[in-house]
Amino acid sequence: MAAVQCLSSCLAFPKQQFTIVTSSSSSLLFSNPKSALRSLSFSNHLSETSFSKGSLCLKPIERNTRRSVVCEAAPTKKADSAAKRARQAEKRRIYNKAKKSEMKTRMKKVLDALDVLKKKTDAQSEEIIQVEKLIAEAYSAIDKAVKAGSLHRNTGANRKSRLARRKKAVEIHHGWYAPSATLTA
């Protein structure tokens with residue numbers, strides 16, 4: 001009786017792991033079948049009428065090569081954390097893709113404008129002001145991508161430097177900028 005009480009009060013067995021057998025001699029294990037029914041943790045899905053005239057015995061089911069008793073502490077399964085991580089990663093991927101796409105578009109506009117300006121033979125120094133506005137927009141997009149974590153800060157600095165070098169090359173090409181001579185000591 002102590003073994004059955006320990007099994008019934010400590011463990012909850014899945015329905016497919018044990019067979020429930022009732023016998024007509026109810027005085028062997030329990031004097032009151034209703035109290036026995038209340039003490040079993042897995043008996044809430046069974047009706048009381050099946051135990052009204054007999055006692056309850058548990059028999060482990062034989063498997064192919066071994067005998068095993070399987071118990072589950074929590075029969076309800078928690079939500080799969082890997083699925084949640086996949087959903088979060090997809091949201092971040094879309095967000096990061098949008099930031100990077102905007103940055104690349106702005107950079108491409110600046111580089112195209114600088115190429116057009118470099119190829120012009122009769123370009124004026126005031127035309128660089130329009131390119132500087134495009135560069136400011138590109139810098140802003142790069143900084144936003146770095147701030148959001150879509151782009152590493154060193155990569156962002158390299159991209160901004162690339163735009164500044166191209167602008168300076170165009171200014172030098174047209175003679176609008178003369179590099180100062182560095183002093184060597």
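This is a predicted model: local features need pLDDT of at least 70, side-chain atom pairs count only at pLDDT 80 or more; totals for chains, interfaces and linings use all residues.

Analyst: One definition to start: helices (H or I, at least four residues) and strands (E, at least two) are DSSP runs, numbered from the N terminus. With that, the elements of the protein chain run α-β-α-β-α-α-α from the N terminus on. That makes 5 helices and 2 strands.

User: OK. How much of the protein chain is buried?

Analyst: Of its 185 residues, 21% are buried. Buried means under 20% relative accessible area, exposed means over 50%, and partly exposed is in between (1.4 Å probe, protein chains only).

User: Which residues in helix 5 are buried?

Analyst: Gly156, Arg159, Leu163, Lys167, Val170 and Glu171. They cover an arc of only 115° around the axis, so they sit on the same side of helix 5. The arc is taken from the directions from the helix axis to the C-beta atoms.

User: What do they pack against?

Analyst: The buried residues of helix 5 pack against helix 3 (81-119) and helix 4 (128-148). Packing here goes by contact, which means heavy atoms within 4.5 Å.

User: Switching topic: which residues touch the most other members in the largest nonpolar core?

Analyst: Among its 17 residues, those are Met103, Val110, Leu114, Leu117, Val131 and Leu163. Helix 3, helix 4 and helix 5 each supply at least two residues of this core, and helix 4 gives the most, with 7 residues. A nonpolar core is a set of buried Ala, Val, Leu, Ile, Met, Phe, Trp, Tyr and Cys residues joined through side-chain atoms within 4.5 Å.

User: Why would residues like that group together?

Analyst: In soluble globular proteins, nonpolar side chains tend to be buried together.

User: Let's zoom in on Leu114. What is it in contact with?

Analyst: Leaving aside neighbours within four places in sequence, Leu114 is in contact with Ile128, Val131, Leu163, Arg166, Lys167 and Val170.

User: And Lys167, what does it touch?

Analyst: Not counting residues up to four places away in sequence, Lys167 touches Leu114, Ile128, Glu132 and Ile135. The side chains of Lys167 and Glu132 are also joined by a polar contact of 2.9 Å. A polar contact is a pair of N or O atoms within 3.5 Å; within protein, one must be able to donate a hydrogen and the other to accept it, and residues adjacent in sequence count only if both atoms are side-chain atoms.

User: Last one: is Thr105 buried or partly exposed?

Analyst: Thr105, which is found in helix 3, is partly exposed, with a relative accessible area of 42%. A polar atom of the Thr105 side chain lies 2.8 Å from the backbone oxygen of Ser101. Thr105 and Ala141 are 36 residues apart in sequence and 9.4 Å apart in space, C-alpha to C-alpha.

Terms used. Residues are numbered from 1 along each chain as its sequence is written. Side-chain values use heavy atoms; hydrogens and water are left out.
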